[in-house]
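This report describes how two chains meet and how selected parts of each chain are packed and paired.

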2 protein chains.
Amino acid sequence: MTTTPGALTGTPTALKLFSTPAPSKDTMTITTSSRAAHAVLPVAPVATLLSPLSIDEARLESAGFWGTRVAINASATIDHCAFWQEKAGWLANFDAAATGDLPQTRTGREFSDSEAYKLIEAMAWEHGVHGDPALDASIRALTSRIGAAQEPDGYLNTNFGRPGQEPRYSDLEWGHELYNYGHLLQAAVARVRTAGRDELFEIALRAADHVCEAFGADGIQSVCGHPEIELGLMEFARLTGEPRYREQARLFIERRGTGTLDDIVFGRSYFQDDIPVREATVLRGHSVRALYLAAAAVDLAVDTDDAELLAAIELQWRNTVASRTYITGGMGSHHQDEAYGEDFVLPSDRAYCETCAGIAAVMLSWRLLLATGRPEYGDLIERCLFNIVATSPSDDGRSFFYANTLHQRTPGAVTDANAQSKRASSSMRAPWFDVSCCPNNVARTFASLGAYIATVDSAGLQLHQYANATIATELGDGRAVSVRVETSYPRSGEIRVTIANAPADPSAPWSLSLRVPGWAEGATVTLFSGATGVEVTRPATPGTVTLSERFAAGDLVTLNLPMVPRFSTPDPRIDAVRGSVAVELGPRVFCLESQDLPARAHVDQFIVDTETEPARTPDDAVTVRGAVTDPARQAWPYGADAGRSTPATESVRLVPYHSWANRGPGTMRVWLRTS
Amino acid sequence: MTTTPGALTGTPTALKLFSTPAPSKDTMTITTSSRAAHAVLPVAPVATLLSPLSIDEARLESAGFWGTRVAINASATIDHCAFWQEKAGWLANFDAAATGDLPQTRTGREFSDSEAYKLIEAMAWEHGVHGDPALDASIRALTSRIGAAQEPDGYLNTNFGRPGQEPRYSDLEWGHELYNYGHLLQAAVARVRTAGRDELFEIALRAADHVCEAFGADGIQSVCGHPEIELGLMEFARLTGEPRYREQARLFIERRGTGTLDDIVFGRSYFQDDIPVREATVLRGHSVRALYLAAAAVDLAVDTDDAELLAAIELQWRNTVASRTYITGGMGSHHQDEAYGEDFVLPSDRAYCETCAGIAAVMLSWRLLLATGRPEYGDLIERCLFNIVATSPSDDGRSFFYANTLHQRTPGAVTDANAQSKRASSSMRAPWFDVSCCPNNVARTFASLGAYIATVDSAGLQLHQYANATIATELGDGRAVSVRVETSYPRSGEIRVTIANAPADPSAPWSLSLRVPGWAEGATVTLFSGATGVEVTRPATPGTVTLSERFAAGDLVTLNLPMVPRFSTPDPRIDAVRGSVAVELGPRVFCLESQDLPARAHVDQFIVDTETEPARTPDDAVTVRGAVTDPARQAWPYGADAGRSTPATESVRLVPYHSWANRGPGTMRVWLRTS
């Protein structure tokens, strides 16, 4: 077979693509006709309204809110995840498979194989950005261990199929075999797109072909309890240009919702097997499953021009955001089944808001943004990134929240930095969990974060997320443009976009579009001409502001988003937070921690005074006025009016939600009582 | 050995005691020195401030709120439970154990054996009240099947210990082996106290001795993940007078809380193994487990004169009632682990409030009432009985709620009357569950309900619960008294207590005490002298009102409790129901069902007007004024003021909570929004 750079963008990193000679495989052709096969990015649709940029084209700087986090991810989190997977014995499961020591020595849950794949995906994107040869070697070493565990027919799983284990595909509801493959395929996509075909691709190819054999039109007429294989197959189809994988993804997506799987104690809605994807009107059941499935359905819809399916997912997204989403962007109201609640069931104290669900919401919203260009998808991505994805890891990138509560009632104990946590939620971040999807998911998301900040269309560049970055790409019409984004957002609302390189023909205008977040009433955009020194400012209403200009190098576009802290009131149908307000500033939700109250006071004692507007402090906090009450004890908590006195108010400090739980055990709440 | 009637009360039913000759067992002496061995009642402490009455002494009439339910339990529920246990194959597990067909044919969960024991307990109490010979035959038949499954050393469990099963006591955290024995012992106690020693007693005796061997001071130093064996052993000790069983209960109670069991995902608090019983200050973890353990601790405390232990449980009860109990008396805020939440975590829509926890709260509160005589324990018993225990079964006694939510947001589907429900909660009652503790627990509670209405002390009779009944007993000083209670409570607040028989010596007064519920401000008590025709009325403040008189037959004491519907407001620390009120009338909580709103309106649309007091209707309902709002759709449910309009108010009907879900699928809420 022949591979050519195709639509490669010409940046140096991209040259690494296919630097390893691809082994030949007669039935296999990697298509070269679109960005899909080669662009260094996680999601490469065949054709969407907006086209994503690769992480070579949109390079994050290492300073600023996101740059700092991406750098810590590269220097600490990826190693941390590898260390813990080794320590927990999950990687050794592959070795044991090869040496015939399974199931005796197996450790970890039934989906632990997938953590290795998420880790490789993270490593691959990171290697794609910075090209560290040691990381490349680590990927190759881990790939070899995985490959040794694969069976001749492509089946690859350390938990099923051997004597003493359950048979292959005997527990589709809970077994996660196909889920694991989905992550393997995504890892292979990342590897091929950043380093070219290597052993991981061959492993994935055998696995994908095996899945198509086993679950194709003539195979097992079922699906996996945990959607994910659909995402993997769709992207693998884009990578390879092989329609067979897309067809298999289609089969999985269309089969689901028809009672394909066994009924379980949580009901079939748990794995979205209650209603066909294109008939559902809202997301339900296990949040990560629901979001992965919906994201894959968008992939299928855009690659097959299925407007009905796309509209169905858009409706589900709208209804879910309108009535089943926390103010942090978090999703999942139940601990029991890690699931969405019914409409307006959004308890703060039992909020699950799994980190992975926040990441999955970004994945879904990104696909919808590419498909439609609608800025509300960018708004939700921003909300999830700042308030869920940024909240999970600690500042050092070595401990994590699995769940992201909005109300911590008990301080809890200090986390043991050397112990795996059994708990899905805690008052403190933990280094690792029995179920450790979240740390690896955080790692792969940060490693590819640059891919989510900008897009192009035929004659324009769109900025969706604001971070220090250099963007050098081609518009759809082939013109090369580059801009430099400088900002201390979200501490400042000023985003400066300098035109670094403009198309050679200045007579044809091109457009620069900037997302104006829904909260940013009163925003302005200013165009400063480097040539003339003229500066023009105009209002930028929430949505998208687009400047179509004959830009020249040195021109400067400045978006000014008003950064005024605000009280947000909840829809009165949300029982859990009635009579409360939250404080937001820019894209971030703020919270009250007990460390900022007088000694030994609990956050639940605080009543906020909404007559006084919240105020910013110089150190990235906000103050509100309010009173610390000390309610009387009551023998029976109903029917009395005790504990309703309101002492004098004082000024109290709130911190960004993503920065909570960094001062030892304490209590915390996002929604502040108003009475 | 010799058995004598001892402290038997002389009523006809009691004569059945020990009518079956007791098989001899050299090491076994049944003590005859207290009521404990013989009284026909579930809880017979060696000595408490108040002494319980047997169900022969306090006989419920078949009319009225409780009489109707007890009659339906006898005529329908017990049969229903037997039918479903047979249908589900749970009883056949015992047969299969005897024929060597386990584990191949086993059905049901690891605790299914216990359902047979709860069923026998229910049958035994019911047989003790009405003496139906067919029921006696059923008990004997079922006992034989169980006995055939017992192993020579006393071990009895269909789920462990055979080839192909896990070894005995290899999974104390989840295996429920000791839990099952606890219910076996309680069943045997019920059988001996209502029909004398028979095969069931011999089975239980072998099992109890086996437990003492296996888990005694020199045995396995552990406890069962689900407390219950402690209750069974304590009562078995009372029945037999054998201190060995009490000592074993003590060992189990004292071992718990020291990290005896493995840590699990829910933490050791799940099975109360986090803090020693006597050091804990509040109930926590799995609610039924916590309550059974606390109840057994009271048994131990009163029988060993352990004031410290009793005080610890009283404190736990107070703190739990003050901050971890729903207005219905329901306990358990988590679906995930069927557990208490933290203080003030009492969400209406995710209320678990397992029926068994309501029953267990009655069991605990009853033991504390006997020990202390404090009326607040009677108040909580009443609240749980009217709002949890009465809510679970349908009017025909053949379908049940397992969980008792305070807010049903979605109507759900009609329940299949022929299918076992997988769900622990539903908008409709279900005939049976995969985990069917609740129906059997309801059956044994109703079958022994008479035991909970009255007590005696040295010179008085105390009425704690109000139902049509005839009470004929002896005071502690040996004087015989009898009274007849007539009431249509809770529809009426008038409770008429006629003295039917008074001690022969009228010169010595005796006392009649009546519980005045906490909500009954303004109650009065009237004494009418049959001899003189003189009537004297005086106020009866909440607590206990006691009349010490030289009562004569024909005297009438009337308690008048004001039955005025009232709004109840929640403690402001309960986030979940802030800005809401509930409506109560007498001991009952009322609720709004969508069937009482205009067509297609959802209960969440209703805003109550608290300026207008609620009013009673002639048919046992209440009306409030309020408005049905129709909030506008919002794309994002925070930060806007949409949906806050208040249309004109209208009169809307509320029904008793225990009667909800009898009109097909609908929505329901207890707490009504005030804005």
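The model is a predicted one. On the side of chain B, the residues that lose the most area to chain A are B:Arg578, B:Trp636 and B:Tyr638, which together account for 15% of what that side buries. In terms of contacts, 58 residues of chain B touch 57 residues of chain A.

The same surface serves both copies, since 98% of the contact residues of chain B recur in chain A.

The rule finds 20 residue pairs in polar contact across the interface, both residues being at pLDDT 80 or more. Helix 10 (307-323) and helix 12 (375-389) of chain B each supply at least two residues of the side that touches chain A. The largest share, 3 residues, comes from helix 10 of chain B. By class, the residues on this side of chain B divide into 24 nonpolar, 16 polar and 18 charged. There are 4 salt bridges across the interface; one of the pairs in a salt bridge is B:Arg409 with A:Asp575, at 2.9 Å from N to O.

Over all chains, the structure holds 93 salt bridges.

| Pair | Closest N and O atoms | Relative accessible area |
|---|---|---|
| A:Glu110 and A:Arg109 | 3.1 Å | A:Glu110 17%, A:Arg109 38% |
| A:Arg278 and A:Glu254 | 2.6 Å | A:Arg278 25%, A:Glu254 30% |
| B:Arg515 and B:Asp379 | 2.5 Å | B:Arg515 2%, B:Asp379 21% |

A:Arg278 and A:Glu254 form a salt bridge. This pair links distant parts of the chain, 24 residues apart: A:Arg278 is in the loop between helix 8 (243-255) and helix 9 (287-303) of chain A, and A:Glu254 is in helix 8 of chain A. B:Arg515 and B:Asp379 are likewise joined by a salt bridge. B:Arg515 lies in strand 9 (residues 510-516) of chain B and B:Asp379 in helix 12 of chain B, so the pair ties together parts that are 136 residues apart in sequence. B:Arg515 is buried, whereas B:Asp379 is partly exposed.

Helix 13 (residues 437-447) of chain B is largely enclosed by the rest of the structure, because 11 of its 11 residues are buried. Among them are B:Cys437, B:Asn440, B:Arg444 and B:Phe446. The buried residues of helix 13 pack against helix 1 (64-87), helix 3 (112-130), helix 5 (177-195), helix 9 (287-304), helix 11 (355-372) and helix 12 of chain B.

A:Thr498 is in strand 8 (residues 494-501) of chain A and counts as buried at 13% relative accessibility. Leaving aside residues up to four places away in sequence, A:Thr498 touches A:Ser482, A:Val483, A:Arg484, A:Glu486, A:Asp555 and A:Leu556. A:Leu315, in helix 10 (residues 307-323) of chain A, is partly exposed, with a relative accessible area of 29%. The C-alpha atom of A:Leu315 is separated by 9.5 Å from that of A:Leu283, 32 residues apart along the chain.

Terms used. Residues are numbered from 1 along each chain as its sequence is written. Chains are lettered from A and ligands numbered from 1 in the order in which they are written. This is a predicted model: local features need pLDDT of at least 70, side-chain atom pairs count only at pLDDT 80 or more; totals for chains, interfaces and linings use all residues. Side-chain values use heavy atoms; hydrogens and water are left out. Contact means heavy atoms within 4.5 Å. Buried area is the accessible area (1.4 Å probe) that two parts lose on being put together, summed over both. A salt bridge is a side-chain nitrogen of Lys or Arg within 4 Å of a carboxyl oxygen of Asp or Glu. A polar contact is a pair of N or O atoms within 3.5 Å; within protein, one must be able to donate a hydrogen and the other to accept it, and residues adjacent in sequence count only if both atoms are side-chain atoms. Helices (H or I, at least four residues) and strands (E, at least two) are DSSP runs, numbered from the N terminus. Ala, Val, Leu, Ile, Met, Phe, Trp, Tyr, Cys and Pro count as nonpolar, Asp, Glu, Lys and Arg as charged, and the others, Gly among them, as polar. Buried means under 20% relative accessible area, exposed over 50%, partly exposed in between (1.4 Å probe, protein chains only).
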